[in-house]
Amino acid sequence: MNRRLFLQSTAAAAATPLMALEQAAERLDVNFATGPWPFRDLPKLDGDSLKQRGITQAITGSLEALLTRDIAAVNARLATACTESGGVLLPAGALHPLLPAWREDLRRCRDEHAMKVIRLHPNYHGYTLAEPIFAELLDAITDAGLAVQIVVQMEDQRTQHPLVQAAPVDLKPLHDLLKVRPKARVMVLNANAAMITTALRGCDSLWLDGAMIEGVGGLENTLKAWPAEKLCFGTHAPFFYPESSLLKLVESELSGTLLTALTVDNARAFLG
Amino acid sequence: MRESDLLPRMQKLMNPKFRIWDLHCHLSGVPGLTPEERLGQLLRYADRVGIERLCVYMGMKWSQDPSPDDFRKQNDEVLRAIAKHPDRAFGFVTLNPKHVPESLAELERCVANGPMVGVKLWVAKRCDGPEIDPLIARAAELKAVIFQHTWFKTTANYPGESTPDDLVALAKRFPKVPIICGHTGGTWELGIRAIRDQKNLFADLAGSDPTAGITEMAVRELGAERVIYGSDCGGRSFASQLAKVHGAAITEAQKQQIFHGTLRSLMTPILQAKGIQA
């Protein structure tokens, strides 16, 4: 096939997803972050950079929260950064349940910073989802009327800095925890396809993002086994190139309705 | 932002002026009962993201240390797949340096006397030892593109899995033979540094997470003329790997070089020798 024939034959295939993307009025990224990464100088992405990529809002955590003990200051800086974004960045505050007085951090997230989401990093903070402290934390966040994001992994274990290795969070306990907590709004970020089909199997009340869902047609394949109203668009930027998740929307064959669900409606339902 | 701005943005992202050849594709991790069906599926997705040609290697079921019968079977599957789509796919022959005579025979069957244009070496045996030399020497005579998988894993490599350092040792013995450093070592900040001074080594961007900065560092340290786009599909999405180039803060000319120029320059000698138009 020569170049001209290739362009002609692929034009229709490429045009369909582009047209479907054009139909949506907004796009909400559920997996964005600010702050420095200890091991690499990440691109300086902000609300304007996201808007240039067609992302109109982003639930935003702080990378500082992984290793900083003064979580209250981290959350305050995050709130300021989000305010300065003019509403593009929606703050997801951090809680560390092994720190003294973590409930005060929760109170400040809700009452002082008007946050709607808490983002947890169990593998960097040193607890598992099977421990009582996690159930206590989940209940406290739910009682406060907030939603919770659990980041299962930040990066491939094979490429982590040898002195700071964090295995992915074991998600198996979530199934039983959520069964008895119907009011909890929980989203898992950065789950991969294997986790979705094993540890998360049957966790139908849970939301996921697609940042680490891999394989050709990955989103399309995930939706064969996962409810369409529970999968969200998430970039894991600036750690990942945001174009990765944007192009996944093009690579998979998704209807306009599905695209709207993935990029807007499902995230709105999670936010409550 | 008006949503009508999105279409031109995505069109720019998938700029059809880019010619894209994918260095690193497999028949595993994709649905289909036959090799032909699986390559057809890969092409269906490739069409959606603007990829023109796929380099395909390894069969429908892999083994880390394939016997001669096994790698012949895998190569047969690739031959079947590319025969169905000769205008869209190139085949690379899978060899095992633990079985040198059989691998040399397979090189003759698939490249010298067959349609394949490259060689794939995986994780059966580390590539720093001299056992592999006859395979490299014959592949070079045939002008075949040579691809060696590498990783620097924090969690420890497989026993036979090469690192970029191992590949540098091999490349020093064949300084005039271009060799591709598969995955750029995975932990790319190490891999790029490892191969930087060995000018006959080329960086394959495929098969690691789309961590921001990989392509910028590769271009800064190696130059775009030593960097090649690949996906490692079907285990990886085309999207996440294309994003490493589309999303990188480099020039449009450098992106085109990575998407097509570097690989084409490596393939031109064998394509010309075989009379393949591409």
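**Notes on chains A and B**

1. G234(B) sits in the loop between β8 and α9 of chain B. Bear in mind that this is a predicted model. P238(A) belongs to the loop that runs between β8 (231-232) and α10 of chain A.

2. On to backbone torsions. M58(B) has a phi near 75°, which is positive in a residue other than glycine. You'll find M58(B) in the loop between β2 (53-56) and α3 of chain B. Is M58(B) buried or exposed? M58(B) counts as buried, because 21 other C-beta atoms lie within 10 Å and the cut-off for buried is 20 or more.

3. A156(B) is another non-glycine with a positive phi, in this case about 90°. Its place is the loop between β5 (145-149) and α6 (164-173) of chain B. A156(B) is exposed, with 9 other C-beta atoms within 10 Å; the limit for exposed is 12 or fewer.

4. Now helix α8 of chain B, residues 214-222. Its buried residues are I214(B), T215(B), A218(B), V219(B) and L222(B). They span an arc of only 125° around the axis, and therefore lie on the same side of α8(B).

5. What do the buried residues of α8(B) pack against? In chain B, their partners are the helices α7 (188-195), α9 (238-246) and α10 (252-274), along with the strands β7 (201-204) and β8 (227-228).

6. From α10(A), the contact uses E243(A), S244(A), L247(A), K248(A), V250(A) and E251(A). From α9(B), it uses F238(B), A239(B), S240(B), L242(B), A243(B) and H246(B). By type, the contact residues of α10(A) and α9(B) come out as 6 nonpolar, 3 polar and 3 charged.

7. Within chain B, helices α2 (residues 35-48) and α3 (residues 68-84) pack at about 55°, with their axes 8 Å apart. This makes α2(B) oblique to α3(B). The crossing of α2(B) and α3(B) is right-handed. P35(B), E36(B), R38(B) and L39(B) of α2(B) meet E77(B), V78(B), R80(B), A81(B) and K84(B) of α3(B). The contact between α2(B) and α3(B) has 4 nonpolar residues, 5 charged ones and no polar ones.

8. Last, a look at L262(A), which is part of helix α11 (residues 256-271) of chain A. L262(A) is buried, with 29 other C-beta atoms within 10 Å. Leaving aside residues up to four places away in sequence, L262(A) touches L231(A), C232(A) and F233(A). As for R158(A), it is 104 residues away from L262(A) in sequence, and 30 Å away in space, C-alpha to C-alpha.

Conventions
Residues numbered from 1 in each chain as written. Chains lettered and ligands numbered in written order. Predicted model: local features only at pLDDT ≥ 70, side-chain atom pairs only at ≥ 80, totals over all residues. Helix = DSSP H or I, 4+ residues; strand = E, 2+ residues; numbered from the N terminus. Arc of directions from axis to C-beta. Contact = placed C-beta atoms within 7 Å. Nonpolar A, V, L, I, M, F, W, Y, C, P; charged D, E, K, R; others polar. Axes fitted to C-alpha atoms, helices over the stretch in contact; angles between N-to-C directions. Parallel < 35°, antiparallel > 145°, perpendicular 65-115°, else oblique. Left-handed = near helix turned anticlockwise from the far one by under 90°.
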